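Dear colleague,

Please read the notes with the model open beside them.

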Amino acid sequence: MRGFLALLAVIGCLSTVPEAIAQEQAMECGERKVKTVYLVQHGTETKEGHWPWHTAIYHLEGKAFKYVCGGSIVDRNTILTAAHCLYTSRGLIKLEQLSVQVGRNQLSEASAQSQEHLAERLILHPGFSPNAVADDLALIKLATDITMTRYIQPVCLWTLEPNLELIVGMNGTVVGFGLTEHERVSDYLRQASIAVVDTWTCLDSDRQVYGVSLTSGMYCGGGKGGVSVCNGDSGGGMFFQYADSWYVRGIVSFMPLQENGELCDGSKYTVFTDVAKYRDWIGQFINPTLASVRADPLLVDNSPKLRLLNMNACGISPYTRAGSNDSFFAYPWIGLVQMTVAGQNRTNVLCQVSLISEWYAVGPAHCFKNDGHERTIRLGDFDLSTETDCIERDGKTICAPPYQILQIEAIRLHPLYKPLTLTDDIALIEFRRPANISQPNVRPICLPVTIELRSYKPETFTLSGLQHQGTRIVSSSPTYLNSVNCQERYNIVNHPLRKSYTQICANDLPANHTGPCTRMLSGSSLQTVQPFGRRDRHFLQGLLSFGVNECNPLVPDIYTNVAFYLDWILYSMRDIKMNEPDRTEHLIFSP
């Protein structure tokens, strides 16, 4: 799919007086009722019901209706699309010349799941002009309500923070019936993964086009290998998934044309109208929707991306013996975040991450400030005071293979991360080259990807990592504390916690503790040991986020609840092939 610049030399206007909306119980949005394989490939054809909110918009040309644009269902009788999709060469299209079809996956043949609706009213943004591209969004009010089915559902409007920085570097999904890479209209609905870029990158790529067009209500995106959007994709949405609900963040608006002036230039960035900047305006005309809430909102159990986690080999400790002084080989998923100190021939250990696959680790977002200092990940090092780690065990000397230092390719902070409150304090780290997980001192830990694994409620955990000013990996057994008691204790120290399931409270100090204060590094791994398959495995439950400054046995430490972010982790992971060309030499900081 590729994308185009639609600037039509016509004149038309339409008043947009907010209407009185009959408020009804908010309907759920953003949920796929048909569970199909998640496809994100080069302009891949989609499965029926995979994008149940996508809409096909037709114009009457002569005696037949012709497909012209896409749109998105946002409530029972409202379609969100691009304003220029409602114009013809003669001006604003007449209602009787407009047809909206939902539930359609093929242009040449309607299925039993599709529905056709006529338009009752067109609502264009008051700032839109057919001779420009600013404020390019509109709502189509339908004459009849849409019958929601497994194949037809509304998408959620973007409700997260509107800052563009939160999605720069993220991949959104665009769907449509536009031109394929062979410059033919696709008969089947197709999808493509499009990366959002920052405004300066977009401007620098072609100032002649973007310099006179971009506004604060737009953003740019482009795919790799020529993947983009093209003629016929306009009006369709760019979608992002959070906590298993899908949100529309962008509307396909325009792309520069090729030199012949007819077809889009797939090498250029596509410009999207930023829905987040228009939430208040859209909200005047639609009934509210709510992101779907299910008993277990994590539907990762059957995700095809689970294969990236290597569930057959994760969480297996080559050797485990109780006691904080004998953790050699016991926690091979521990990685240390090192920062090179400018002008000094040494590195500082800042934090800790947990290896979840050969290509990825997770750690606290607050450890990865975009401060210009290079960070690397050190894996497989049990004792920092020795170059080669050895230990006497059962009368034998056991030595570990060399530790591994991996460069970082990309750092993805969770889009809701707040540095001041340390909420949603999690980051996904992608390596430039894979870790060698065939060695006993470097192995990934398991993630709790099934309902059964997430339902386990232990009284105590295993905490492993490096202490501040320490040189060896140690472990302990902190005690779980429920959220109510945890919040009460933090209220006493004037630090109220967010009431949610995104954090775990655990206390690592006995009530009568009076000894020295030795704190663990941020990101230390909070684990459980649970049966999986035919053996016990270690599962990552939490990442140490923060605690009180002085060790207080009454105030527990706070851990980011990894299970809550499984959807985001899997969605952000890529299926990386070893034969891919080398990527750029700079770090990519993105939400």
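A residue is called buried when its relative accessible area is under 20%, exposed when that area is over 50%, and partly exposed in between, with a 1.4 Å probe and protein chains only. This is a predicted model, in which local features need pLDDT of at least 70 and side-chain atom pairs count only at pLDDT 80 or more, while totals for chains, interfaces and linings use all residues. Residues are numbered from 1 along each chain as its sequence is written, and side-chain values use heavy atoms, with hydrogens and water left out.

Disulfides

Taking a disulfide to be a pair of cysteine sulfur atoms within 2.5 Å, the count comes to seven. Among them is the link between Cys390 and Cys399, whose sulfur atoms are 1.9 Å apart and whose torsion of 105° about the S-S bond makes the link right-handed. Cys390 is partly exposed at 39% relative accessibility, and Cys399 is likewise partly exposed, at 41%.

Another disulfide joins Cys202 to Cys220, with an S to S distance of 2.1 Å; because the torsion about its S-S bond is about -70°, this disulfide is left-handed. Cys202 lies in helix H1 (residues 199–205) and Cys220 in strand S14 (residues 218–222), so the pair ties together parts that are 18 residues apart in sequence. Here helices (H or I, at least four residues) and strands (E, at least two) are DSSP runs, numbered from the N terminus. Cys202 is buried at 0% relative accessible area, and Cys220 is buried at 2%.

The disulfide between Cys351 and Cys367 has an S to S distance of 1.9 Å and is left-handed, with -85° about the S-S bond. It links distant parts of the chain, since Cys351 is in strand S20 (residues 347–355) and Cys367 is in the loop between strand S21 (360–363) and strand S22 (375–379), 16 residues apart. Both of these cysteines, Cys351 and Cys367, are buried.

Strand S17 and its partners

Two strands are taken to pair if DSSP finds at least two bridges between them. S14, the strand that holds Cys220, runs antiparallel to S17 and is joined to it by four bridges, with Met218 standing opposite Thr273 in S17. Strand S16 (residues 245–254) also pairs with S17 in the antiparallel sense over four bridges, and there Phe254 has Val271 as its bridge partner.

Strand S17 (residues 270–274) is itself mostly covered, with five of its five residues buried. In a regular strand the side chains alternate between the two faces of the sheet. In S17, Thr270, Phe272 and Asp274 point one way while Val271 and Thr273 point the other way, and all are buried.

Best regards
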